[in-house]
Amino acid sequence: MHIFIDETGSFSGIGEFPSVSLVGALVVPDERLASLEKQYNRLSRNFPRDDRGEVKGRALTEKQVASLIPMLFEHSTLFDATGVDVGAHTEDGLKQFQAEQAERMTNNLTDKHSATLTKQVWAYRDKFEKFKLPLMIQTMATFELIPKLIELSTNYYATRRPTELAEFHWTIDAKGNLDTPNQWEEWWSTVIMPFLQSRSFKQPFKMLPVGDYSKMKRFDVEPDDFIKEMSAWTEGDPPPLDIKAIISDNLQFRSDTCPGLELVDILTNATRRAMNGNLQKEGWRRIPELMIHRNPQYINLIALEDLPKRVYPYSRIVNAYSRGGRALLPAKLHRQALKRAK
């Protein structure tokens, strides 16, 4: 499968409520990618473009955004997004969160851990502590998005297109809170992947009993003493996954454009524009159909401090992104599961 990652919003505007930023992801089955790119190039022929010839989601009309959803649905794509309302936060609260999160990185280190591992973990902590607040916030949103994305997409395709689980091709938009693709690559390799690997040990990915995960066997990790100590893994559980291999085997950072990145930019921007009141329902109403149905809603809005109770102007949009999504199980398997439950 191919995963395209982009963000919208600057993850800034602390205290300037509301100020929503999102990290979005589009998953495309490998066997449908060529057809999707061909159809998209045809549909987008007359879309507005910037001076580099790139389609920008923020410039599209409702009709143009809406015209892409049937194509994306028919190609079995999945969309997901995690966001944060930076404007609902305070600078003091975010700095406190950053300090506490950094402290947690090294809390569990003991004399039993190797000098090499200890040095690496402290290096990750030092890097994280030096992040400016926008990059720290974007990092936390990414931390929340990727594990959910891996779990949902693998479970979805395990009952429909299990061959898609053999390889994960990641394409990251490298235009954001870092200056160059090299810095983005370093950010992913030294911060994102180690954190996700550690998290996967403590919170193993859920797998469906009816799913075919045979193509993912090469990502299994033999549980050693360290994994057993750091995770909730016990004898009989599925082997932990090698997140580094899942992500880094086929990972590229692009500062130019491609159809997959343009499409995820359009969907992520359309969702944020809807939340900001800048895109009418015609443009966004079918986007939830590309997302996996779950409760309470499909858009995961994270809070990095205790937020005061207030009226959020985009609540109606977030609530709308809780209906009409793709079922995790195909209808036949869902009926069988219901019968077994009885």
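Which residues of α4 are buried? I started my notebook with that one, keeping in mind that this is a predicted model.

**Entry 1: helix α4**

I found that Val-121, Arg-125 and Phe-128 are the buried residues of α4. Looking down the helix axis, I saw that these buried residues fall within an arc of 65 degrees, so they line one face of α4. I then turned to the other side of the helix, where Ala-115, Thr-116 and Lys-119 are exposed. Next I looked up what lies over the buried residues, and the cover includes α3 and α5.

I also checked the length of α4, which covers residues 115–129. At 1.5 Å a residue, its 15 residues should span 21 Å, and the end C-alpha atoms are 21 Å apart, so the two agree.

**Entry 2: the sheet**

In what order do the six strands of the open sheet come? I traced β5-β4-β1-β2-β3-β6, with mixed pairing. The edge strands are β5 (251–254) and β6 (300–302), each of which pairs on one side only. I noted an average twist of 20 degrees from one strand to the next.

A reminder to myself: strands of a sheet pair through backbone hydrogen bonds, either parallel or antiparallel. I picked β1 (residues 2–8) and β2 (residues 20–28) as my example, and they run antiparallel, joined by seven bridges. To see one of these partners, I went to Phe-4, whose bridge partner in β2 is Leu-26.

**Entry 3: helices across the sheet**

I looked at α1 (residues 30–43) and found that it lies across β1 and β2, at about 110 degrees to β2. Helix α9 (residues 259–275) lies across β1, β2, β3, β4, β5 and β6, and runs at about 140 degrees to β2.

**Entry 4: the nonpolar cores**

Another reminder: in soluble globular proteins, nonpolar side chains tend to be buried together. Here the largest nonpolar core has 58 residues. Those touching the most other members are Ile-3, Ile-5, Met-136, Trp-170, Trp-188, Ile-246 and Ile-247. I listed the elements that each supply at least two residues of this core, among them β1, α3, α6 and α8. Which element gives the largest share of this core? It is α5, with 15 residues.

Leaving aside neighbours within four places in sequence, Met-136 is in contact with Leu-94, Phe-97, Gln-98, Phe-128, Phe-131 and Leu-304.

Last, I found a second, separate core of 39 residues, including Leu-22, Val-65, Ala-320 and Tyr-321.

Note on methods: Residues numbered from 1 in each chain as written. Predicted model: local features only at pLDDT ≥ 70, side-chain atom pairs only at ≥ 80, totals over all residues. Heavy atoms only, no water. Pairing = 2+ DSSP bridges. Helix = DSSP H or I, 4+ residues; strand = E, 2+ residues; numbered from the N terminus. Axes fitted to C-alpha atoms, helices over the stretch in contact; angles between N-to-C directions. Contact = heavy atoms within 4.5 Å. Core = buried A, V, L, I, M, F, W, Y, C linked by side-chain atoms within 4.5 Å. Buried < 20%, exposed > 50% of the residue type's maximum accessible area, 1.4 Å probe, protein only. Expected span 1.5 Å × (residues − 1). Arc of directions from axis to C-beta.
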